[in-house]
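I open this notebook to record what I looked up in one structure, entry by entry. The order follows my own path through the model.

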Amino acid sequence: MKVLVACEYSGIVRDAFTKAGHDATSCDILPTESEGKHYQGDVLDILDDGWDLMIAHPPCTHLSVSGARWFTEGKKPMYLRHEAIEFVKKLMDAPIDKIAIENPVSVISSYIRKSDQMINPYQFGHKEYKRTCLWLKNLPKLKETNNVKEETDALPDKEKHRIWWIGGGKGKERSKFYTGIADAMADQWG
């Protein structure tokens with residue numbers, strides 16, 4: 001299967017699909033952090049390249065609910081949110097049979113449509129909370145593979161909710177994807 005992993009610089013999802021035997025390419029405006037097929041540039045330039053599946057991680061900076069107050073308080077111009085929504089629409093409308101859009105709880109649900117599924121890393125072996133939405137086209141919902149919620153709940157808040165404690169200016173670290181979820185995507189959607 002020819003797989004495009006859009007807006008991914010880490011190579012985590014790309015590598016999971018490659019390991020499962022697929023022809024996977026990541027794409028981001030940033031260079032990749034790991035060896036593998038990577039297109040550095042605008043993903044919109046390669047959407048028509050005959051992909052069977054696209055998993056897209058559009059930047060959440062102007063989409064996430066956690067940052068919504070910056071727009072309502074006038075600290076960020078609203079056109080940034082509208083541009084981000086238009087980018088997501090282009091990804092959703094890509095001429096690709098199977099599509100998954102991944103983002104934290106965001107305004108995609110109010111501007112475009114509700115997500116098809118919400119998952120947490122603890123459902124895939126990571127002792128952490130980070131509610132993540134999936135908007136799916138011609139794909140089944142992901143089935144959890146290793147639920148460690150009990151162990152996660154026993155951890156101190158700063159560990160199980162680590163993503164909230166990282167602090168500002170750490171967007172790249174916050175956006176790192178979880179290998180357990182990537183492996184589940186490759187196993188179940190590949």
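**Entry 1: Met-54.** I started at Met-54, which I found in strand β4, residues 53-56; helices (H or I, at least four residues) and strands (E, at least two) are taken as DSSP runs, numbered from the N terminus. The model is a predicted one, in which local features need pLDDT of at least 70 and side-chain atom pairs count only at pLDDT 80 or more, while totals for chains, interfaces and linings use all residues. I note also that residues are numbered from 1 along each chain as its sequence is written, and that side-chain values use heavy atoms, with hydrogens and water left out.

Is Met-54 buried or exposed? Met-54 is buried, because its relative accessible area is 0%, where buried means under 20% relative accessible area, exposed over 50%, and partly exposed in between, with a 1.4 Å probe and protein chains only. I then listed what Met-54 touches beyond its neighbours within four places in sequence, with contact meaning heavy atoms within 4.5 Å: Leu-4, Ala-6, Leu-47, Leu-91, Ala-94, Ile-96, Lys-98, Ile-99 and Ala-100. I also checked Asp-97, which is 43 residues from Met-54 in sequence and 8.5 Å from Met-54 in space, C-alpha to C-alpha.

Entry 2: Two strands are taken to pair if DSSP finds at least two bridges between them, and β4 pairs in the parallel sense with β1 over 4 bridges, where Ala-6 stands opposite Ala-56. Strand β5, residues 98-104, also pairs with β4 in the parallel sense over 4 bridges, and there Ala-100 is the bridge partner of Ile-55.

**Entry 3: from β1 through α1 to β2.** I followed the chain from β1 and recorded that β1, α1 and β2 make a right-handed β-α-β unit; right-handed here means that, with the strands pointing away from the viewer, the path from the first strand over the helix to the second runs clockwise. The strands β1 and β2 pair in the parallel sense over 5 bridges, with Lys-2 opposite Asp-23. Of the 6 residues in β2, 5 are buried, and β2 also pairs with β3 in the parallel sense over 3 bridges, where Cys-27 stands opposite Tyr-39.

Just after α1, Gly-21 takes a positive phi of about 95 degrees.

**Entry 4: Glu-8 and Arg-14.** I then turned to Glu-8, which lies in the loop between β1 and α1. Glu-8 is buried yet has no salt bridge, the nearest side chain of opposite charge being that of Arg-14, 5.4 Å away; Lys and Arg count as positive and Asp and Glu as negative, while His and the chain ends are not counted. A salt bridge is taken as a side-chain nitrogen of Lys or Arg within 4 Å of a carboxyl oxygen of Asp or Glu, and by this rule the count comes to 6. Arg-14 forms one with Asp-15, the closest N and O atoms being 2.9 Å apart; Arg-14 counts as buried because its relative accessibility is 1%, whereas Asp-15, at 30%, counts as partly exposed.

Entry 5: I found Lys-89 and Glu-86 both in helix α3, residues 78-92, 3 residues apart, about one turn of the helix. Their salt bridge has its closest N and O atoms 3.4 Å apart. Lys-89 counts as partly exposed at 31% relative accessibility, and Glu-86 is likewise partly exposed, at 40%.

**Entry 6: the chain as a whole.**
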